[in-house]
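Work through the exercises below with the model open. Each task is followed by its solution.

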Amino acid sequence: MKLTALFCLACVALPAPALAADAACQAIIDAGRAKLRAPMVHDINVLDTQSGLTGEFIKIGNDAWLKADRGWKKMPPAMLKTMQNAALDGLTMKDCKQVGSETLGAVSTRIYSWTTIVDGKSYGSARVWIGGDGLPYKQTSASTSGTTRYSGVTAPKAAK
């Protein structure tokens with residue numbers, strides 16, 4: 001269950017409110033929220049780059065599935081709703097800024113970085129690539145990385 005919670009946090013990529021009303025932080029927060037409200041989402045995440053631990057998240061409409069170490073599992077609708085309305089108490093963002101731009105496939109993105117603080121302890125910098133549609137397409141941190149697509153998503157065949 002701990003792995004599922006860790007993966008949910010990683011796949012959401014939904015940082016907590018910034019310390020100040022910072023436009024760069026707001027773009028990151030809005031992208032995280034837009035991701036889970038998109039009609040379809042397929043996240044592929046490397047949760048730990050040292051061990052190679054990976055996970056996937058698929059959302060189609062109101063249905064969602066999670067793949068961690070033991071295959072695909074359908075998520076209860078209440079869990080998806082909780083993720084969409086997440087308030088991550090104890091987390092803050094600082095040093096939010098746009099640090100560049102890049103084209104990923106056919107999508108032009110703006111790259112943002114920020115530092116995550118949990119209960120006063122810094123967990124380093126993270127980056128997110130946000131398209132002109134406001135959706136995040138790639139995210140990285142010191143130990144994780146992930147990509148997201150929003151079209152051509154299908155339900156996993158072996159979900160329990």
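Buried means under 20% relative accessible area, exposed over 50%, and partly exposed in between (1.4 Å probe, protein chains only). This is a predicted model: local features need pLDDT of at least 70, side-chain atom pairs count only at pLDDT 80 or more, and totals for chains, interfaces and linings use all residues. Residues are numbered from 1 along each chain as its sequence is written, and side-chain values use heavy atoms, with hydrogens and water left out.

**Exercise 1. Classify the aromatic pair.**

Task: Find how the rings of Tyr137 and Tyr150 are arranged.

Solution: 
- Apply the criterion. Rings of Phe, Tyr and Trp (its six-membered ring) pair if their centres lie within 6.5 Å; planes under 30 degrees apart are stacked, over 60 edge-to-face, the rest tilted.
- The structure holds one aromatic pair. The ring centres of Tyr137 and Tyr150 are 5.2 Å apart and the planes stand at 80°, so the pair is edge-to-face.
- Locate the partners. Strands (E, at least two residues) and helices (H or I, at least four) are DSSP runs, numbered from the N terminus. Tyr137 is in strand E8 (residues 136–141) and Tyr150 in the segment after strand E9 (145–149), so the pair ties together parts 13 residues apart in sequence.
- Check burial. Tyr137 and Tyr150 are both buried.

**Exercise 2. Describe the E6–E7 hairpin.**

Task: State how E6 and E7 pair, and describe the turn.

Solution: 
- Strands pair if DSSP finds at least two bridges between them. E6 (residues 107–118) and E7 (residues 121–131) are antiparallel over nine bridges.
- Ile111 stands opposite Trp129 in E7.
- Two residues separate the strands of this hairpin, and Asp119 in the turn has a positive phi of about 45°.
- Gly120 lies in the loop between E6 and E7. Its relative accessibility is 70%, so Gly120 counts as exposed.

**Exercise 3. Trace the contacts of Val128.**

Task: Which residues are in contact with Val128, leaving aside neighbours within four places in sequence?

Solution: 
- Contact means heavy atoms within 4.5 Å.
- The partners are Ile28, Arg110, Ile111, Tyr112, Trp114, Pro136, Lys138 and Gln139.
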